[in-house]
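Please walk me through this structure.

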Amino acid sequence: MGFSDLKTKCLADSNFEPKRIAIAQADGEELFLALYEAQKQGLCTPLFIGQQNRIEQLAQKSNITDFEVIHSETPQNAAEEAVRAVSEKRAELIMKGTVATSTLMKAVLADKGGLRRENFLSHVALFETGDGSFLGVTDGGLNISPDLKAKMSILNNAVALFHALWVEKPRVALLSAVEVVNPDIPSTMEAAALAQMAARGQIKGAIVDGPLTLDLAISSRACSLKGVKTPIEGKADILLVPDLVSGNILGKSLNHLAAFATGGIIMGAASPIILLSRADSAQERLNSVILGVNYVQYSGN
């Protein structure tokens with residue numbers, strides 16, 4: 001299943017209704033083109049938050065006619081208004097515009113009026129591979145150097161997203177530079193601990209193993225040649241990376257070198273958050289909308 005199939009499956013749900021998306025600091029032609037396509041395809045209706053005159057100009061240029069605007073003078077206020085819209089049930093998910101990620105997350109995590117749950121927040125990037133299936137990479141967008149406890153939450157968030165993609169038991173590969181436990185490489189220790197936790201039922205709804213190198217995670221041939229037996233069998237659905245740097249590099253490599261279609265969202269808040277890069281194309285932004293809208297529909301938010 002790819003992004004197009006996911007959109008078709010989502011829209012085919014007899015209970016589906018377009019979702020209201022609150023866009024914090026809405027600006028940029030690629031963003032508006034993506035939302036025009038999303039609205040035209042029946043996925044969403046936009047609630048633009050930002051400079052009203054600028055929003056109206058871009059909406060007109062992009063042929064978006066059905067929308068609401070909340071005027072905002074500052075990025076901080078735009079982020080707070082987007083969070084408030086979800087809190088008050090005037091929107092079902094948030095989309096990052098040109099507001100800085102740190103500013104948006106400050107509003108999301110605010111003790112008063114924020115969207116924090118007990119869950120740990122993390123980013124999942126989704127890639128459509130050459131055979132049309134999804135490959136998840138987490139967390140290359142939010143958490144810099146997560147510890148074992150954080151990685152458990154990151155893993156659970158990614159598994160929850162894949163359940164919404166109708167993958168009943170996703171295979172999660174816990175990546176490191178080597179496939180054996182090495183006390184000098186902390187990521188191997190954490191991977192082994194997570195794999196043991198999964199084996200004892202502390203992590204449910206997934207097949208989890210590690211530490212694994214990238215080739216063992218995605219290539220059954222590599223598993224055979226190296227003589228490594230793993231329940232992942234070179235068919236990972238989710239790659240859990242050691243830290244933000246490795247995840248960011250891996251994600252950008254899959255996107256820019258392998259040319260895999262991509263989209264991504266932040267999981268763990270009261271509402272999914274569509275987190276975009278300034279370099280994302282209109283199609284990549286649309287993919288993220290599809291991903292977020294599908295998750296809201298699946299989870300019944």
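**A tryptophan in a loop, and beyond**

Start at Trp166, which sits in the loop that runs between helix H6 (148-164) and strand E7 (171-175). Keep in mind that this is a predicted model. Buried would require under 20%, and exposed over 50%, so Trp166 counts as partly exposed.

Together with Met1 and Tyr298, Trp166 forms a nonpolar patch. The accessible area of the three residues together is about 300 Å². Lys9 lies over the face of Trp166, and the distance from the ring centre is 4.7 Å.

Now turn to the aromatic rings. Two numbers describe a pair of aromatic rings: how far apart the centres are, and the angle between the planes. How many aromatic pairs are there? The count comes to 4. Take Phe48 and Phe67 as one example. Their ring centres are 5.6 Å apart and their planes meet at 65°, so this pair is edge-to-face. Phe48 belongs to strand E2 (residues 44-50), while Phe67 is in the loop between helix H3 (52-61) and strand E3 (68-71). The pair therefore ties together parts that are 19 residues apart in sequence.

The two partners differ in cover. Phe48 has 0% relative accessibility and counts as buried. Phe67, at 27%, counts as partly exposed.

Trp166 returns in another pair, this time with Tyr298. Their rings are edge-to-face, with 5.9 Å from centre to centre and 90° between the planes. This pair links distant parts of the chain. Trp166 is in the loop between H6 and E7, Tyr298 is in helix H11 (residues 282-299), and 132 residues separate them. Tyr298 is partly exposed as well, with a relative accessible area of 43%.

Strand E10 covers residues 261-267. How many of its 7 residues are buried? The number is 6, so E10 is mostly covered, given that buried means under 20% relative accessible area. Which way does E10 pair with strand E5 (residues 122-128), and over how many bridges? The two strands run in the antiparallel sense, with 7 bridges between them.

Key. Residues numbered from 1 in each chain as written. Predicted model: local features only at pLDDT ≥ 70, side-chain atom pairs only at ≥ 80, totals over all residues. Heavy atoms only, no water. Buried < 20%, exposed > 50% of the residue type's maximum accessible area, 1.4 Å probe, protein only. Helix = DSSP H or I, 4+ residues; strand = E, 2+ residues; numbered from the N terminus. Pairing = 2+ DSSP bridges. Patch = residues over 30% accessible without salt bridge, like charges linked within 9 Å, V, L, I, M, F, W, Y side chains within 5 Å. Areas by Shrake-Rupley, 256 points an atom, 1.4 Å probe, with all protein chains shown as cover. Salt bridge = Lys/Arg side-chain N within 4 Å of Asp/Glu carboxyl O. Phe/Tyr/Trp six-rings, centres within 6.5 Å; stacked < 30°, edge-to-face > 60°. Lys NZ or Arg CZ within 6 Å of the ring centre and 35° of its normal.
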